[in-house]
Amino acid sequence: MKKRFFIIMLLLLSLPYYVFAVSATSLEKLNVETSGKKLKLTLIANGAISHYISFELTKPARLVIDFPFKGCKLPRVYLLKNKTYPRLRWGIFKGRLRVVIDCDLKELPFYEIKAKDDKLIVWLNLYSQTQSIIKVKAVDFEKISPKKCRLIITTDRKPEYEVFYKQPNIMVLKLNNAQIPPYLCRELDTKYFPCGIEKIIPYHLDDKTVTLEIKIKHRLPFKVVTTQRHLYLTFSTKTETPITAKVENIKPQVNNKQQKSKESVKPQLIKTILQKPTVKHKPKLTSPFFGKESKEPVVILPGTIGIFKGTPISLDFQDAELKNVFRILAEVSGLNIIVGENVKGKVTLKLTKVPWDQVLDLLLETYRLGAIKRGKVLRILTMDDIKREQESIIQTQQALEKKKESEPLITEEIQVNYVKAADLIKQLEGIKSNRGKLSYDETTNRIIVTDVKDKIEEMKQLIHKLDIAPKQVMIEARIVEVNTNYSKELGVQWGGDYKHVTSQSNILGFSGAAGEGDELSYENTVTGSTWSGNVPLIVNLPPGGTYGGIGLSLGHLGKATTLILDAKLQAMESEGEGKVISVPKIITMDNQEAVISQGIEIPYRTTSDQGTKTEFREATLKLSVTPHITPDKKVRLEMNIKKDSPGEIQAGMDSIPIEKKEIQTTLLVDNNETIVIGGILSEEVHKGKQRVPFFSKLPLLGWLFQNKTQQTQKRELLIFITPKVLEEKNF
């Protein structure tokens, strides 16, 4: 009787606690308080708040909290009467109650969430956009060389910092006027990096100070560099500690008898290792839960992920079924999660603003589970199930390989139309089986294959893809030569003859001695005096070649005196222009060299001990080019253009000289585009002057004793190139 009474009393005493612990199904009330620079929101439910999910959204900024409730007695839009957080909204989303707190800032300020009994308390900072709080976006650690490591702090603007040693083995990096989100306040295990840094612990010292404690084995040289968005703390060491590289594609161990057969198996489904490697390895730099969707299954091992990019969530569970937690993560992540039959257990956890992929990684690591991802589907299995499944795949592939070894061999001839058969042998070597054989016939351009039927079909498909008609390119070059000549010359010729007879035996005379000028003949009918002959020249500086001029002749014949004067002013000016255009054109296949040339062979004689013989030198116009068509429809050209032509024989030469013009280059040109690939411009200017000493410097009269010459010669060479990819209809 006493025993029954004791049990009844115990039940009555525990009844209030049992009622209080009943999970809530609805939100009943909201209390709003402002305390200093913080806004406090208290959400009150009709029972204990067992769990919830919180995360941030951007554009616009807002805080989202999901409850497993079915009702809410608050107004649909609850005005908070606050400039930073104007309203609170709620709605039913996928069978859950979703509460949204809107924010008028570009980014959501620091906040905290805490569940206690039937209340969920949310503290929101009231910092405005104009305040200068620095936000920490990311904390990373990396190896940049065998002897250097670097801590990278990513912020929204240039950080303010202090660095000092708290203890001989603890360095402190303090960021002033800064805040760090809770999900980044996690310990970074860096002991596998070479600089002797064991771990890094970031945390909040107060509301405006972020501290990172760096535990080191011994003091290290370091350097701090800041930019507008980053702080780099670089450590260096003189000793090098090797790091084991990332381990991938590790095959299960096999005995010696099975070694040969297993080496021939190439599993296509195993992308990562089946169990945790015992060697130390560097964490992956990207989260395997994101990225490109692979068509082949990828095994994800827990505890090997270095960067988490998932949306931060908050979870609070006590003795919850593990499968139900995975269902919540499936809703948050957007992945389709399938939980294996052998995945069992209960979980108790409390996490605040932790990326959902990190939560998933922690659960997999804690309960010795693994994941296999294929596309957007994620299968959660025990490590033993994954190992058995992959071993079964290997065994199946081995069985298929053995079956292929027993298949009969077939010999076929595969005709290759465009590509050389010898060039395809290397690609086909990777496809053929161990018993297969490959050869080719150069005459008929056929590949002879001896192998099983499946391998032959696979080779045919590859040959069909590679044996395509090559494209052809027409290359047209234009060589333009322009020659311009100009010359001008001014010359003077003048002379005279003077004779005076004083007696029959005395004569005084004066005449030029620079040559003979014009022939003149004079006669004085009054006195009977005569003069005839070429006028002796005093200045004989005529222009060369053909010229024009004007002359003046004066004469006086007396009884005793004869005076003859003859003068000529001569000038010459010549101008010439010549143009030579050479247009070699050629068509060739992609990646095939082509050459076209035209010219003459010039004979010349050589004399040696063996006698005199005639040899030849080429003077040709030649175009040599190798085109390559790029994927973006441009043409890459490796070309050599040469034009040799006979020159003018100069005095003292035994043979005709060769004028050489050549260009060799590699360039990238758009299809059907004409560009100038080179040019040479040469200009010669000659000025000369011939004059009589002393007299040529006389003022005003000096020009009567001078000859002036001016010559200008200009040569210009331009080379144009135009490639054109021919369509198949033009072949």
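**Close-ups of rings, charges and a cavity**

**View 1. Arg219 meets Tyr165.** The charged end of Arg219 sits over the ring of Tyr165, 3.8 Å from the ring's centre. Keep in mind for this view and the others that this is a predicted model.

**View 2. Arg76 meets Trp90.** Here the charged end of Arg76 lies over the ring of Trp90, and the distance to the ring centre is 4.0 Å.

**View 3. Phe67 and Phe69 form a stacked pair.** Searching the whole structure turns up 3 aromatic pairs. One of them joins Phe67 and Phe69, with 5.1 Å centre to centre and 15 degrees between the planes. Phe67 is buried, at a relative accessible area of 0%, and Phe69 is buried too, at 2%.

**View 4. Trp494 and Phe705 pair edge-to-face.** These two rings have their planes at 75 degrees and their centres 5.6 Å apart, so they count as edge-to-face. The pair links distant parts of the chain, 211 residues apart: Trp494 belongs to strand E30 (residues 472-503), while Phe705 is in the loop between strands E41 (675-691) and E42. Trp494 has a relative accessible area of 17%, so it still counts as buried, under the 20% cut-off. Phe705 is buried as well, at 9%.

**View 5. A look into the second largest cavity.** By class, the lining has 4 nonpolar and 3 charged residues, and no polar ones.

Notes. Residues are numbered from 1 along each chain as its sequence is written. This is a predicted model: local features need pLDDT of at least 70, side-chain atom pairs count only at pLDDT 80 or more; totals for chains, interfaces and linings use all residues. Side-chain values use heavy atoms; hydrogens and water are left out. Ala, Val, Leu, Ile, Met, Phe, Trp, Tyr, Cys and Pro count as nonpolar, Asp, Glu, Lys and Arg as charged, and the others, Gly among them, as polar. Rings of Phe, Tyr and Trp (its six-membered ring) pair if their centres lie within 6.5 Å; planes under 30 degrees apart count as stacked, over 60 as edge-to-face and the rest as tilted. Buried means under 20% relative accessible area, exposed over 50%, partly exposed in between (1.4 Å probe, protein chains only). Helices (H or I, at least four residues) and strands (E, at least two) are DSSP runs, numbered from the N terminus. A charge sits over a ring if NZ of Lys or CZ of Arg is within 6 Å of the ring centre and within 35 degrees of the ring normal.
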